[in-house]
Amino acid sequence: MSLENKDSAAPAPIAPSDFIRDIVAAHVAENKYPRIHTRFPPEPNGYLHIGHAKSICLNFGIAHEFGGICNLRMDDTNPAKEDIEYVESIQADVNWLIGGWAEDQLGLKPKGLAPEVIAGEGKRDFYLPAVTKSEIENRQAETFEPFYASSYFDQIYDYAEELIEKGKAFVCDLTPDQTDEYRRNGLESPFRNRTVEENLDLFQRMKKGEFTDGIRTLRAKIDASAPNIWLRDPLLYRIKHVEHHQTGSQWCIYPMYDFAHCLSDYIEGITHSICTLEFEVHRPLYDWILESLNLPRTLPHQYEFARLSLGYTVMSKRKLMQLVEEKLVTGWDDPRMPTICGIRRRGVTAVALRAFAYNIGITKYNGITDVSVLEHAIREDLNKRSLRRLAVLRPIKVVITNVPEGKVEELDAVNNPEDETAGKRKIPFSRELFIERDDFQEVPPPKFFRLKPGGEVRLKYAYIIKCDEVIKDASGNLTELRCTADLDSKTGGATSARKVKGTIHWVSATHAVDAEVRLYDRLFTVPEPDADGDFKQHLNPHSLEVITAKLEPSLKDATFEARYQFERLAYFALDKDSGSKLIFNRTITLKDAWAKEAQKS
RNA sequence: UGUCCGAUGGUGUAAUGGUAGCACAGAGCUCUUUGGAGGCUUUAGUCAUGGUUCGAAUCCAUGUCGGACAACCA
């Protein structure tokens, strides 16, 4: 038993199974591809949130389970909305989430490298293979970066010309409103039948910058009256005289998502292009573009799954942006935000977030996942790893009258009952203590097992005490409790086996250290904040309470990496704002059976 | 309205023609120097109607309900 270490004691993780993994497994069984290759392709126009975490875990999970690679790719085809700030945060968040798990599956590219042209059977081909961590270690002279759709702008432009030459694309002069109306009504654009030469000339002049924004577009020539609107001659390129965070002022035309995405997948050699349900109707276009070009390598395929909806939170980038910009939270990494950086700052570990992603599964059904599933994954992880500490959030003073002034005892305390290897520490005990205000009631309700006048309670790791006297100030406020300790009741003592119903936490008043403690709660008060349009009216006014707490002295040495359980209260993590002053964030409360019991009566 | 997709306890998911299972939530018991954790027990489900079949959550038909999309966004 004692030989068990943490790893062997943990149950072997069960490999998840879902309809996408079933497809991949079948492909592996029939050797359809030399290697499974997925990708995670966020647009750098906002911070990653827990919904992205689901996607990251799926894509990296598949690569991890099937011996493949997952590229990180910035889907940066709309410079008007994107920013380098987001590029950087996305990289940090992905690295954190896959850290210690699927780092070896992360596909990157040498900085600045563009797709190479591979000639074969008279066909040109653009290919940009990924480099993984193990290969990077042998190439230390180079630096590596994520993939960017923008680094394929040259190739995507070439493919557009090829489409024009094949008579499968045309330059259209309709205004945005007209285009919209024509497409809605299934009508062909009057510019649909321009000659290849004219189309080529116009497209090249679009690239040169001869036209202003919105004047012309490049459109695919498919079927203006197709039942699927995405096949009604969709836009491929638009004019945007906007600086791009990666390509600067090199381009004034930018490819649309549908055109850039399938080609980016192809260029990177992606086999399984996994996205959310709203792209399901785009799949015929995805396939049409790839099949219309003369592409020599195996084509990628798109698969769709349901995005995550979580109770008591909003997930859309627009709404999260609103919370940040209107200063309803302190920033993207506010611990109340469902962003990956917010969740991380709150104290949740990557292990817990991954466990959550595994537990919720992958389907095509749009449901709302109960937050309790997330909370359970967090508690389960934190219970195993947290160092137990004694801390009093809302103190009341207790004087142990039969302990002499100035006497200090060092008591043994277990760091983590779930993990013997975490060891023990000493905590000081003295005549004056703080206990939690909630742990004393002058007129206790039924089944209240804590301290009450004339009643006894165990001080965790210390003595059984009895409350003799309740001291109040002139206006009747409780100021102090005077108690006597059973000095034989400490661990190993003659009366240590005495049963008392309650055990409470405490800190020695003279030794306690002060800390700012941020008590976070759900950001919204209702399960579906955006159900009726105005999500902001459901903001929880008590989502943050800041208090000064009394901590046991060992917490002076708290680290950012460690997780703490303030016993009987909640899990906490040191906040990044901590400096000379300690600041703890409450990640999540312990389950509180008493709160439930108290509510009954 | 059109196209596409979906429907299994309160919630999320398994069962791929052969015993409807798991997790969360709920209830109860037990244990406990954390009213935590753990252990045990338990409540509760195949959208509807037909059909195929020895046998249907699964296959077929029709219907109902729900969702996504219909940006020079992704």
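The structure is a predicted model. Its largest nonpolar core comprises 44 residues, of which Tyr159, Phe203, Leu218, Tyr237, Ile253, Phe259 and Leu263 touch the most other members. Contributions of at least two residues each come from helix 6 (153-165), helix 8 (196-208), helix 9 (257-267) and helix 10 (283-292), as well as from strand 9 (169-172), strand 10 (217-220), strand 11 (235-239) and strand 12 (253-255). The most is given by helix 6, which supplies seven residues.

Not counting residues up to four places away in sequence, Phe259 touches Ile156, Tyr159, Ala160, Leu163, Leu236, Tyr237 and Ile289.

## Helix 10

Is helix 10 enclosed or open? Seven of its 10 residues are buried, so helix 10 is largely enclosed by the rest of the structure. The buried residues are Leu285, Tyr286, Asp287, Trp288, Ile289, Leu290 and Ser292. They pack against helix 6, helix 9, strand 10, strand 13 (272-276) and strand 14.

Seven strands form an open sheet of mixed pairing, in the order 15-28-29-30-26-27-16. Strand 15 (387-389) and strand 16 (391-392) stand at the edges with a single partner strand each, so one side of each has no neighbour in the sheet. Helix 14 (residues 371-385) packs on the sheet, where it touches strand 15, strand 29 (570-574) and strand 30; the direction of helix 14 makes about 120 degrees with that of strand 30.

Both senses of pairing can be followed within the sheet. Strand 26 (residues 513-520) and strand 30 (residues 583-589) pair in the parallel sense over three bridges, and Val517 stands opposite Phe584 in strand 30. Strand 29 and strand 30, by contrast, pair in the antiparallel sense over five bridges; here Phe572 has Arg586 of strand 30 as its bridge partner. Strand 28 (residues 564-566) and strand 29 are also antiparallel, with three bridges, and Tyr564 has Phe572 in strand 29 as its bridge partner. Strand 28 and strand 29 form a hairpin with three residues between them, and Arg568 in the turn has a positive phi of about 70 degrees.

## Burial of strand 29

In regular strands, side chains alternate between the two faces of the sheet. Strand 29 is covered on both faces: Ala570, Phe572 and Leu574 are buried on one side, and Tyr571 and Ala573 are buried on the other. Five of the five residues of strand 29 are thus buried, so this strand is largely enclosed by the rest of the structure.

## Phe305

Phe305 lies in strand 14 (residues 301-305). Why does Phe305 count as buried? Its relative accessibility is 1%, and the threshold for burial is under 20%. Leaving aside neighbours within four places in sequence, Phe305 is in contact with Phe19, Ile20, Lys54, Ser55, Leu58, Ile274, Cys275, Thr276, Leu277, Ile362 and Thr363. Phe305 and Leu574 are separated by 269 residues in sequence and by 36 Å in space, C-alpha to C-alpha.

## Surroundings of RNA strand B

Around RNA strand B there are 65 residues, of which Asp75, Arg388, Phe449, Gln565 and Arg568 come nearest. Among the RNA atoms within 4 Å of the protein, 68% belong to sugar or phosphate and the rest to bases. Helix 7 (176-184), strand 11, helix 14 and helix 15 (593-600) each supply at least two residues of the surface near RNA strand B.

Several polar atoms of the protein approach sugar or linking oxygens of RNA strand B. For Trp230, a polar side-chain atom lies 2.8 Å from such an oxygen. For Ile360, a polar backbone atom is 3.1 Å from a sugar or linking oxygen, and a polar backbone atom of Ile368 is likewise 3.1 Å from one.

Helix 15 has eight residues, and the number buried is zero, so this helix lies largely in the open. Its N-terminal end is capped by Asp592, with a side-chain oxygen 3.1 Å from the backbone nitrogen of Trp594.

Terms used:
Residues are numbered from 1 along each chain as its sequence is written. Chains are lettered from A and ligands numbered from 1 in the order in which they are written. This is a predicted model: local features need pLDDT of at least 70, side-chain atom pairs count only at pLDDT 80 or more; totals for chains, interfaces and linings use all residues. Side-chain values use heavy atoms; hydrogens and water are left out. A nonpolar core is a set of buried Ala, Val, Leu, Ile, Met, Phe, Trp, Tyr and Cys residues joined through side-chain atoms within 4.5 Å. Buried means under 20% relative accessible area, exposed over 50%, partly exposed in between (1.4 Å probe, protein chains only). Helices (H or I, at least four residues) and strands (E, at least two) are DSSP runs, numbered from the N terminus. Contact means heavy atoms within 4.5 Å. Two strands pair if DSSP finds at least two bridges between them. Axes are lines fitted to C-alpha atoms, for helices over the stretch in contact, and angles run from 0 to 180 degrees between N-to-C directions. A residue is near a molecule or strand if one of its heavy atoms lies within 4 Å of it. A polar contact is a pair of N or O atoms within 3.5 Å; within protein, one must be able to donate a hydrogen and the other to accept it, and residues adjacent in sequence count only if both atoms are side-chain atoms.
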